[in-house]
Amino acid sequence: MNERNRYVKPAPAIDPVLAAYANEFNEMVEGLPTFRPTIGCIIPAYNEADSIAGVLDSLLAQTRLPDVIHVVVNNTTDNTIEIASKYAGPHEVVTDGIMQFTEIFVHDIGENPDKKVGALNYGYSLIEGCDYLLGVDGDTTASTNAVEQLEAEIASDSRVGGISAIYSIDDTVIHGVIASFLISGQRAQFAAFNMQNMLRGRNMAVLGGQFSIFATKALREVMVDSHQATPWVKDSEVEDSLLSLQIKSAGYLTKISAQARANVGGMTTLRGLDAQQVKWNFGAIELMWPGQRGDTKGQPFHPNLRLRWIENFSMVINVVTRVLFFILLAASLSIGAFVFSPVWLIPPAVALLLNFRTAMSMKNRNGKDIFFALGFFPAEIYMWVRIGHFLRAWTKFASNKQVDNWAEQAKAERGSGNAYLVPLLVAVGFSAALVFIWLQLPVVIQSTVLWIGWPILGVTTVLQTLTMFFTLVKRHHGYKV
């Protein structure tokens, strides 16, 4: 048949009544409410008068508001409660044409012997019916889409029990040489730690309480498995680390977000930084060490603690290489036996490049971060500060003396206490003793010590440099911290 003469059957006429019914049905379906998980936010607040307003403003500016926000003020001696109370009540926010609602409640629980842990558990009792718990510290602000990103990530995989934001510190409001130096060091420390977790399949050993989201079903399972009445226990120095271990042991994943970012409060004094870092290190050692201290059981082989072991071993190597180098250098100079070799410039050069790459991996890096890395001496001095924290924590742990490190940190943040000077005083005393002993030794023994010491240092330094080099050339896969 000729193509032009082919018969084409006309399309059937559409019944107007059925068409109207179909349109009405589609509109009804589209108008049905969709499931949206509920997020309950807890903000434990202790003397946060300077920051609590910024924290609440940050949450109210989110593209995805928490469904409810509970500010739990405890043991405070400033006007945190008065400032937070100005935000109490319902809030309606329009984002991209969509109305969102949340309500802020402010609770003053007065004197609380369990401190932050007590505030967290009090808050949990208020939101345990929600799908997710968002824990926010009283000095932490987040990017405007952080809650939305955390919710999307944790809702996308039922195996995930908790996700931590990518932490850094806002240094734009920091002034003073010492404060700027310490904040730059903490920013670099956060960046290196975050990148390590990113490159390990985004498995996060510690879901820091600064800005993390938890599946409440995972918290309930932790309570059942661990025979606890509350998710957080009061007898651990690092309640967030222990909870992370328990979530992992319950069969859930603990992750670091690929995108959500938050700025935490940094320590601007040596005294405050020392107290914070010693508390963190001491608590981590308790979890790592076999056996049991009080009610905290050590779990040395727990997968979440592998990175902790690596960090501690790395710090031991840092102590050995630096201390041994200065001892051997001074000893060699004292008897005129030192011969300079350019080979010894390789380790600091690799360290400088590694610090620079860490700085370049920061999403919000600035000139201070670059100077901290390329200046070499700022990073080296900060490493000595960290060594002091590391040795103090292990010394306190070995002494088996019961110390309230939470109280020590609070006292240090108030400007009290001089424990942070102990490593310096010990170093001075140790150096004086070594000098005295060295001067009593005959030249033959001095030469023998140098003949044995330098090769040991050389081998250790080569291994350390190779480790830094492999870290330096490792691909970051586009991650930014």
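Helices (H or I, at least four residues) and strands (E, at least two) are DSSP runs, numbered from the N terminus. The model is predicted: local features need pLDDT of at least 70, side-chain atom pairs count only at pLDDT 80 or more, and totals for chains, interfaces and linings use all residues. Residues are numbered from 1 along each chain as its sequence is written, and side-chain values use heavy atoms, with hydrogens and water left out.

**His389**
- Helix α13 (residues 377–399) contains His389.
- His389 counts as buried because its relative accessibility is 4%; buried means under 20% relative accessible area, exposed over 50%, partly exposed in between (1.4 Å probe, protein chains only).
- Apart from neighbours within four places in sequence, His389 is in contact with Leu273, Asp274, Gln277, Val278 and Asn281, where contact means heavy atoms within 4.5 Å.

**Sheet**
- Nine strands form an open sheet with mixed pairing, in the order β3-β4-β2-β1-β5-β8-β7-β9-β6; two strands pair if DSSP finds at least two bridges between them.
- β3 (89–95) and β6 (141–142) are at the edges, each with a single partner strand, so one side of each lacks a neighbour in the sheet.
- β1 (residues 39–45) and β2 (residues 68–73) pair in the parallel sense over 6 bridges, and Ala45 has Val73 in β2 as its bridge partner.
- Helix α5 (residues 146–155) packs on the sheet, touching β1, β5 (132–136), β6, β7 (160–168), β8 (211–215) and β9 (253–263), and its direction makes about 165° with that of β9; axes are lines fitted to C-alpha atoms, for helices over the stretch in contact, and angles run from 0 to 180 degrees between N-to-C directions.

**Helix α4**
- The buried residues of α4 include Val117, Leu120, Tyr124 and Ile127.
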